[in-house]
Amino acid sequence: GVQLRNRIVFAPVVTNFGLRNEQTTRYYAERARGGAGLIIVHGTPVDLFLQVSWVQRLKPLIEAVHGEGAKIAVQLWHGNDLRGEAVAPSAQGACRPITREEIQTVVEKFAAAARHCREAGFDGVEVHGAHGYFINQFFSPLTNQRNDDYGGSLEKRLRLAMELVRAMRRAAGEGFLLLFRHSAIDGEPGGATMEESIQLARALKVHWLDILDVSAGRGQKDNLSIPEASAPEGTYADLAGQIKAAASIPVIAVGRVQRRAVADRILEEGKADLIALGRQLLADPFWPKKVQEGKEEEVVLCTYCNFCSQELRAGRPIACPQNPQLGKEAG
């Protein structure tokens, strides 16, 4: 029930701008104006979306993106905080194991958030189930040592993800995009494997997931979760392709895509249905239009210097040496 004008997705890059302000509205509207088909707003704590009044105040953002012809989803993120306590699937660091009853509270939160986002006018939501965060910790055997219904066997490690997607679909209804960002491999000894990710994709498809957004890594290794300049173009395309071929679910490929030829090849080889650009659309939000109009030589290329990531880690707003106007977009 949701039609995109093209196959280009603006990936959910964190900004440190805040969310409900004119700066953020102009920033996302610029990426929509530049031609992206789907904008995914960066990961935001799911608890915020439980407040209907808070979500409704995002309408100017939604309307600005829609006004530029793009669709908009928001990435729902859950940290390891529950009512002020640090929790995790299993004891780790300062985190205590979350109880089964508390897990159901998390499921209910995501369902309510999906419903409130639809009511506010979003076209969809994405679960952040990647990069070593709370949801991903249930999937990875490196962080899930439970011996109840949510840990142990692969089937049990998949359970939280399935319950989340099923509850969100029931709450938000049909014609609303449900996406799930997933790390296809942990990239560490004893970590999650591609075969396990294929099983996850098959299970989520059965439970009404629309799109799997395929990334990699547990976040601690930036050269995996955030590919460096030395990484191949279309870094995760092969991972996305393996999942798409085995699970027959629409997937997003991401990771150092900046040339049209690379994006076209990924699509033509059947490795993905959508192509996500993150840092490249920070450097030049008009990449989609320039490419569509045959003006690829005018694209301001990302150098993958990761200055943007360095600023974020330092607690400062995102910035880009290639685009001094980042965060200063005109209204």
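Predicted model: local features only at pLDDT ≥ 70, side-chain atom pairs only at ≥ 80, totals over all residues.
Q: Noted. Which way do β3 and β7 run, and how many bridges join them?
A: They run parallel, and 4 bridges join β3 (residues 71-77) to β7.

Q: And how does β7 pair with β8?
A: That pairing is in the parallel sense too, with 6 bridges between β7 and β8 (residues 177-183).

Q: Nice. What stands opposite H128 over in β8?
A: R181 does.

Q: Is β7 enclosed or open, and why?
A: Strand β7 (residues 124-129) is largely enclosed by the rest of the structure, because 6 of its 6 residues are buried.

Q: Which residues sit on each side?
A: G124, E126 and H128 are on one side, while V125, V127 and G129 are on the other. Both faces are covered. In a regular strand, side chains alternate between the two faces of the sheet.

Q: Switching topic: where is E163?
A: You'll find E163 in helix α7, which spans residues 159-172.

Q: Buried or exposed?
A: E163 counts as buried because its relative accessible area is 10%, under the 20% cut-off.

Q: What does its side chain pair up with in a polar contact?
A: The side chain of R159, at 2.8 Å from that of E163.

Q: And which residues does E163 touch beyond four places in sequence?
A: E163 is in contact with Q104, V107 and Y150 once its neighbours within four places are left aside.

Conventions
Residues numbered from 1 in each chain as written. Heavy atoms only, no water. Helix = DSSP H or I, 4+ residues; strand = E, 2+ residues; numbered from the N terminus. Buried < 20%, exposed > 50% of the residue type's maximum accessible area, 1.4 Å probe, protein only. Polar contact = N/O pair within 3.5 Å; in protein donor to acceptor, adjacent residues only side chain to side chain. Contact = heavy atoms within 4.5 Å. Pairing = 2+ DSSP bridges.
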